[in-house]
Amino acid sequence: MTAPVVLRDFEQFAANGGGGGPSWLLPLRRAAIDRFAALGYPTPKNEDWHFTSVSPIAEGAFHAGPPAASVRLEAKDIEPFTFGRPDWIRLVFVNGRFDGALSSDIARPRGVRVTDLAAAWRDQPDLLERHIGKVADFQQTAFTALNTAFMHGGAVIQLAPNVQLDTPVHLVFVSTPDAAGSASHLRTLIVAGHHSKATVVESYVSMGGAAGYFTNAVTEAVLEDGATLAHLKLQTESERAFHVGTLQARQGRDSHLVSFSYAAGGELARTNIYTLLNGEGSGATLHGLYLLDGEQHVDQQTRIEHASPNTFSREVYKGILDGASHGVFNGQVYVRPEAQKTDGKQENNNLLLSAQARVDTKPQLEIFADDVKCTHGATVGRLDELALFYMKSRGIGAERARKLLTYAFAAGVIEAVGLPEVRAELEALTLRRFTGAAAGS
Amino acid sequence: MLDIRELQARVGGGTEILKGITLQVKAGEVHAVMGPNGSGKSTLAQVLAGNPAYEVTGGTATLDGADLLAMQPEERAHAGLFMAFQYPVEIPGVSNAYFLRSAYNEIRKAHGEEEVDPLEFLDIMEKNLALVDMEQSMLNRSVNAGFSGGEKKRNEILQMAVLRPRLAILDETDSGLDIDALRIVAEGVNKLRRPDNATIVVTHYQRLLNHIVPDYVHVLSAGRIVKSGGKELAFELEEKGYDWLESPAEAVA
């Protein structure tokens with residue numbers, strides 16, 4: 001599938017200077033768009049997109065870049081998305097454009113730099129040249145190629161070695177109805193120096209009514225030896241939006257990536273969490289929760305590549321599906337021949353609340369080392385009728401019993417969230433979402 | 001208090017398991033319902049509690065004059081019915097404390113009473129925990145998840161103690177219990193006896209009745225009560241088994 005609209009958009013973008021930046025940037029962008037032209041949008045023939053058709057995105061003909069005109073938001077508009085914590089380091093992007101006035105002006109501790117991408121092209125070109133496009137490969141991945149060609153908006157987070165940043169960094173990507181018809185190709189880079197530690201939250205939210213826009217976000221993360229990065233992605237895009245979001249990490253020795261991905265928004269949404277365990281003793285803990293309803297199609301793919309000995313991965317993803325929604329989970333674990341003593345566990349559990357909801361779950365283990373411990377399991381079930389009866393027999397009403405059981409299903413992964421404010425929000429979202437749900441059974 | 005007349009029930013379109021049960025229980029009484037496997041004694045407990053897996057095909061059952069069979073399970077609980085499950089259900093992710101407080105408050109709400117907050121509820125729990133010899137720490141554990149058989153049954157009695165039902169039905173609460181657990185459970189039940197409540201003990205064995213002494217014993221066979229008597233009937237059954245009772249029942253069928 002070729003995509004003349006984006007190719008035409010690119011020529012115009014390049015003719016206008018390609019968004020500025022250092023001299024190596026435009027050639028990188030051009031290499032990426034050429035690669036995208038060759039790859040085209042993925043089709044279901046592509047193993048990685050087997051259960052998800054992106055033709056609505058291809059046919060949507062979204063124009064790359066922020067819309068020409070965009071409403072001014074005020075601080076109170078974004079308050080609902082800030083977890084009641086004005087003291088976090090927060091960068092706000094409205095329809096793909098950095099908004100300094102809405103962002104917090106909190107002094108960064110020593111050894112911590114947090115800037116928007118546009119400023120970083122100017123102030124940290126060497127850092128960007130070293131890492132941008134090096135972690136998130138665009139040779140095989142069409143959406144990453146597209147993102148690399150047009151990348152704008154997003155943040156650069158740099159931690160010096162041994163720095164422990166206790167204040168979370170919160171990136172808020174807000175879309176308004178002005179975004180209709182446009183595509184935001186957001187790019188974030190996180191470089192965690194050796195033995196540093198930080199928490200980064202990415203929120204993808206919409207306000208002011210449903211709008212059909214396309215978010216295509218890529219976050220590259222470099223975890224040097226001994227670094228710990230907690231990364232939380234919260235995706236609650238507009239119900240008419242399209243979203244493809246990728247976190248791609250490369251991990252050094254003894255580093256630890258702790259990822260949580262929440263997906264509840266979008267008409268068609270895909271989250272990719274990819275990591276390369278590239279140093280001995282490194283590991284990844286991935287948790288995810290997807291709550292779907294209506295006609296939503298939401299796909300999550302994770303890929304953990306064990307490339308060194310004694311690496312570990314722990315993964316639990318849970319899905320709750322109502323209405324006529326369709327969920328997909330594809331969990332890939334590769335163990336390279338040199339990655340002996342790999343210890344991997346993966347689990348995916350799904351709860352179907354209606355007869356029309358469906359889920360495709362596909363654990364995928366490819367193991368080329370002989371001394372490893374890898375397990376996986378997947379379940380698809382409905383609310384336990386006996387447990388419902390048990391609760392009702394104690395006086396708990398049918399509606400409340402359903403809510404409690406649904407919440408209990410999700411609780412295991414919500415409890416894994418380290419930030420209490422985010423955990424509380426997720427608890428509330430999970431309970432609220434299923435208030436009054438007829439739940440079909 | 002409880003008035004059952006000619007009650008008939010089956011599972012999902014099958015043949016009747018209860019073929020016409022008639023039983024009256026008055027306030028202050030303890031009734032034992034005994035019978036061999038498959039006689040319908042557990043079915044009777046499940047039907048009274050409103051398990052949706054069972055279908056009532058005939059007869060009536062009222063609690064204090066109200067039509068039990070027309071009520072949802074939660075409404076039966078609000079009306080004062082409690083069934084201790086033979087196999088208590090595990091609910092991972094919901095703490096015992098939250099579960100019990102929700103149940104307690106929903107019953108209060110149904111009676112137009114104020115809900116209690118978590119602190120007040122803790123006070124209520126403390127008294128009742130001692131009754132079944134349970135640690136306070138079990139309140140933070142998920143409902144029945146990973147509990148031993150004895151712990152599950154004690155948890156049922158704990159719920160009963162907190163919810164203070166008018167009519168408690170113990171469905172084979174003694175099955176799978178060792179003698180210590182049996183004693184704790186039985187003592188709990190005895191302490192909860194009041195002149196204004198009643199208990200139905202469904203059991204296969206006589207041994208529980210050494211601890212909870214019934215006023216009446218009813219023997220079920222093939223879906224009917226084939227014999228009723230005082231507590232001495234339980235001893236007779238223990239001695240002779242159920243075989244001597246089954247033939248007349250079959251003759252009737």
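Biologist: Which residue of β17(A) is the bridge partner of L289(A), and what makes β15(A) and strand β17 (residues 312-321) of chain A count as a pair?

Modeller: In this predicted model, L289(A) has K318(A) as its bridge partner in β17(A). Two strands are taken to pair if at least two bridges are found between them; β15(A) and β17(A) have 10 bridges and run in the parallel sense, so the pair meets the criterion.

Biologist: How many bridges join strand β13 (residues 256-263) of chain A to β15(A), and which residue of β15(A) is the bridge partner of F260(A)?

Modeller: β13(A) is joined to β15(A) by eight bridges, again with parallel strands, and F260(A) has H287(A) as its bridge partner in β15(A).

Biologist: What makes strand β15 (residues 283-292) of chain A "mostly covered"?

Modeller: A residue is called buried if 20 or more other C-beta atoms lie within 10 Å of its own, and nine of the 10 residues of β15(A) are buried, so the strand is described as mostly covered.

Biologist: Why is strand β6 (residues 169-175) of chain A described as largely enclosed?

Modeller: Seven of the seven residues of β6(A) are buried, so the strand is largely enclosed by the rest of the structure. In a regular strand the side chains alternate between the two faces of the sheet. Here V169(A), L171(A), F173(A) and S175(A) point one way from β6(A), H170(A), V172(A) and V174(A) point the other way, and all of them are buried.

Biologist: Which residues of the largest nonpolar core touch the most other members?

Modeller: Of its 195 residues, A192(A), L229(A), L48(B) and I169(B) touch the most other members, and helix α9 (residues 398-414) of chain A gives the most to this core, with nine residues. Leaving aside residues up to four places away in sequence, L229(A) touches I190(A), A192(A), A198(A), V200(A), A221(A), L223(A) and L257(A).

Biologist: Why can the radius of gyration of chain B be said to agree with a compact globule?

Modeller: A compact globule of 253 residues would have a radius of gyration near 18 Å, and chain B has 18 Å, so the two agree. The C-alpha trace of chain B spans about 60 × 40 × 35 Å along its principal axes, and buried residues make up 44% of this chain.

Biologist: Why is A145(B) called partly exposed?

Modeller: A145(B) has 16 other C-beta atoms within 10 Å; buried would need 20 or more and exposed 12 or fewer, so A145(B) falls in between. A145(B) lies in the loop between β8 (142-143) and α5 of chain B, and touches E90(B), I91(B) and P92(B), not counting residues up to four places away in sequence.

Biologist: What makes β2 (16-25) and β5 (66-67) of chain B edge strands?

Modeller: The open sheet has four strands in the order β2-β1-β4-β5 (chain B), with antiparallel pairing. β2(B) and β5(B) each have a single partner strand, so one side of each is left without a neighbour in the sheet. For β5(B), the pairing with strand β4 (residues 54-63) of chain B is antiparallel over two bridges, which meets the limit of at least two; T62(B) stands opposite D67(B).

Methods. Residues numbered from 1 in each chain as written. Chains lettered and ligands numbered in written order. Predicted model: local features only at pLDDT ≥ 70, side-chain atom pairs only at ≥ 80, totals over all residues. Core = buried A, V, L, I, M, F, W, Y, C linked by C-beta atoms within 7 Å. Contact = placed C-beta atoms within 7 Å. Rg over C-alpha atoms; globule rule 2.2 N^0.38 Å.
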